[in-house]
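Student: Hi! Could you walk me through this one?
Tutor: Happy to, here it is.
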There are 2 protein chains.
Amino acid sequence: VSNEKSETRIQRKELTRFIDSIFLKAGVSRVHAGILAQKIVDTNLYGVDSHGVLRVPVYTRRIIKGVMNNLPKFRLLKDQGFLGILDGDNAPGILAANAGMHCAIKKAKKSGLGICGVVKSNHFGAAGVFARLASDNNLVGIALTNVAPLMSMPGAKGPIIGNNPFAIAVPAREFPLVLDISLSQVALGKILMAQKKGEAIPSDWAVDLDGNPTTDPVKAAEGYLLPLGAHKGFGLALMVDLFCGLLTGGAFLQDLKGMYKFPNDPSLTAHLFIAYDPGMILTESEYQERIDLFVKTIKNTPTAPGVPQVILPGEIEFRSWKERIEKGIPLQETLIVELNSLASELGVKDRL
Amino acid sequence: VSNEKSETRIQRKELTRFIDSIFLKAGVSRVHAGILAQKIVDTNLYGVDSHGVLRVPVYTRRIIKGVMNNLPKFRLLKDQGFLGILDGDNAPGILAANAGMHCAIKKAKKSGLGICGVVKSNHFGAAGVFARLASDNNLVGIALTNVAPLMSMPGAKGPIIGNNPFAIAVPAREFPLVLDISLSQVALGKILMAQKKGEAIPSDWAVDLDGNPTTDPVKAAEGYLLPLGAHKGFGLALMVDLFCGLLTGGAFLQDLKGMYKFPNDPSLTAHLFIAYDPGMILTESEYQERIDLFVKTIKNTPTAPGVPQVILPGEIEFRSWKERIEKGIPLQETLIVELNSLASELGVKDRL
C-alpha cells in the first residue's frame, strides 16, 4: 500500500524475515541475526524510524568489512552480585546491548537490582528498546550509552561530548512509561529541515565552526549541536559518559569513533543497563495502585479547549506499535530500493 | 564589609554559630542544629544562595509552629543489602537527607553500592550538598528529590509535575564534578527579573494560567513554568518523582505540599540517595588516571579568542567555596535584618 509520501507499508513478519536474511548472508549467526532483525523492526514499530531499518545498510556494511565482529562471544569481565561488566567483543551494538540488559534483568530477578556495563560495543540503535526489555519483565529499566563527541558549548571550538542518549522504562497497566531522549537541544535532522525550508533556527540549537551560537541553519549544520538547556544538558551528557565509559572501564570522550565519520573503525561504544524490581519495596497490588493513580492523575490534567490530553512518555510509541502491527511499517521508497540492492548484492533472494 | 549591592560579608564560623543558635532556640537538638547550620552555610559557600541561609526563616517558622518535627527520630523502614528506606519522621528535609545519604554511603562502603529512599521529609535545600557527601568519601553520589507540582506543559491548564531537582557528584582531583540542576527551563527568579526590567521572555519558559506559552513575564509569573526542553524535561521530571516518591512508597504528585503554598502542612517530600564505589571495577590508580584524562580533555577544548576555558559542572561552586571561605559569605542587608529580627524573637543573643 503506497501513500502520498512515497512510502510503502511492509508487514512486520515480512520485514523481520527480510532483515534476518540480510544479516545471515552477512555472516551473522542464526540466533544473532534473529535478534538483530527483531530489535530493529521493533524500533520501527515504536515509530523511532531514525534508529531502525534505516540503519540496516550501515550495520551490514560494517559487518561485511569485518569492522564489526559477525560472530561475537559475550563474556562477563566482572560478575559480582548486582554488578556485571560485559565484553561487547566489537559486536553490532544491538546484540551487545541485548546481552547487557538481559544480564541486568537476570540479576534483578535474583536480588532486586542488576547493573551491567558493556564495553567495546558499537551503535546500539534506540535506547528505549533495551529499557523496555526490563519493563516487559515488570522491572524498571534504564539504558544509557555514550557516543562520540558531537556537541559543543558556546565559545568552544569543536565537539566536546556526545549527545549520549538514554531511556528509562517503568511498567504500567496499559503501556510502560518510557522516556527515550538524547541530550542535544534538537536532533541534527531539525536543523537540516530548517535549511531545506530556508528558515532561521533558534540560537540555542547549534554553534558554527568558530563556537558562535548561530541562527543560520547552514552554519549550524557545518558546526556543532548545543546541549539541551545549555549547561544542564551538557552536564548530564558528561555524567552519562562517565557512567557508561569511564566507570565501567570502557572508552570515553574522543576515544569513541562514530560509525559515519570512522566507517573502518570499531566505535568502542560503552553502555550501561540497570534493572530494578519494584517488588523490593512495594507489593504487586501496591505498585499497581500507585502507578494507576500516577497515570490517571496526569491524564486528568485539565487542558485548554481543543487541546487533547497530556501525553505520557511512551504513549506515542505505544500508539505507533498498535497501528503498525495492524497496518504494517511505512518505509520510504528510497530506503526500500537501498535495502533491495543490498539484498541483491548479498545474494538474498527476498525483496521488499 | 559592605559593597554597592547592600551586601555584607559574614565569616563562615560566625554565620554557622548564629544559625545553630536559632535552630537550638527553635527546639532542635544540639546535634541536629549543628547539622542544619553546617549544611545551610555550605550551600552558600558553594554559591547556591537561593537554597541556603535565605531559607532559614521559613524552616524555623515551620519548626516553631510544629509543622515540621523539631525532634525527629530516623528509622529504617527497610534495610536489606544495598537498599534502605528511611522514615523522615517529618524532619526538616536537610536532616532527613543527611541521614539518607549517610545510609547510602555506609552501604556503598560495605558492598559497593547503597541506595536509600527517604519518605515523609520536607524541603531539603540544595541537592548538590548531599551528592557531595558521597564524593567527599571517594564515592559517586546521586541525590534526587520530588517537589510539589509547579510545571505544566503547553495546552495543559495547571501544574502537572515538580521541577524535581537532582545532583550527581563524581570525585576528581582538584574538585568533584557536580551537576546540580532542576528540570524547569529556567528558575522562576529569571521570569521575575524580566518582569522588573520590563523585558519579554522566550516562549519556552512558561505558560499562562490558560496553558498558552507566553512571552509576557507578568502572565508567566501568574502561570506555570515549562520543563527543560519541553517533553525531555517533562519526562525526566516524571521519572524523578517515580523514583523518589512512587517506588519508595512515599508521596508523589499532588500529595506533596509545597512549603510556601501550604505553610501549615508537612510537605511529605520524598528523596532518593545513591552512593557507588568506583573501586568495584577500577583500581584507585586506574580511576585517577581516567578522571584526570576526562577533566584534562574537556579543559583543553579549544575556545574562541577571548573566551575562557570550558567550565566543568561543579567548577563555579568550587571557586565560590574558595573565595567565600576566605572573604566571607555575602548576605543581602534585607536578609540580615530578617535574620536578626528572627533571632530577637527567639531570644537568641547573637546578631549578624
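Tutor: One term before we start: buried means under 20% relative accessible area, exposed over 50%, and partly exposed in between (1.4 Å probe, protein chains only). This is a predicted model, where local features need pLDDT of at least 70, side-chain atom pairs count only at pLDDT 80 or more, and totals for chains, interfaces and linings use all residues. Residues are numbered from 1 along each chain as its sequence is written, chains are lettered from A and ligands numbered from 1 in the order in which they are written, and side-chain values use heavy atoms, with hydrogens and water left out.

Student: Okay, is Ala230(B) buried, exposed or partly exposed?
Tutor: Ala230(B) is partly exposed, at 38% relative accessibility. Its phi is positive, about 55°, although Ala230(B) is not a glycine.

Student: And where does Ala230(B) lie?
Tutor: In the loop between strand 9 (224–225) and helix 8 (231–246) of chain B. Helices (H or I, at least four residues) and strands (E, at least two) are DSSP runs, numbered from the N terminus.

Student: What about Asn164(A)?
Tutor: Asn164(A) also has a positive phi, about 25°, and is not a glycine. Asn164(A) is buried, with a relative accessible area of 0%, and sits in the loop between strand 5 (140–145) and strand 6 (166–170) of chain A.

Student: Switching to the sheet: what is the strand order in chain A?
Tutor: The order is 2-3-4-10-5-6-7, seven strands in an open sheet with mixed pairing. Two strands pair if DSSP finds at least two bridges between them. Strand 2 (75–80) and strand 7 (177–181) of chain A are the edges, each pairing on one side only.

Student: How many bridges join strand 6 to strand 7 of chain A?
Tutor: Five, and the two strands run antiparallel. Phe166(A) stands opposite Ile181(A) in strand 7 of chain A.

Student: Now the core: which residues touch the most other members?
Tutor: Leu177(A) and Leu177(B), in the largest nonpolar core, which has 112 residues. Such a core is a set of buried Ala, Val, Leu, Ile, Met, Phe, Trp, Tyr and Cys residues joined through side-chain atoms within 4.5 Å.

Student: Which residues does Leu177(A) touch?
Tutor: Not counting residues up to four places away in sequence, they include Phe294(A), Leu312(A), Met239(B) and Leu242(B). Contact here means heavy atoms within 4.5 Å.
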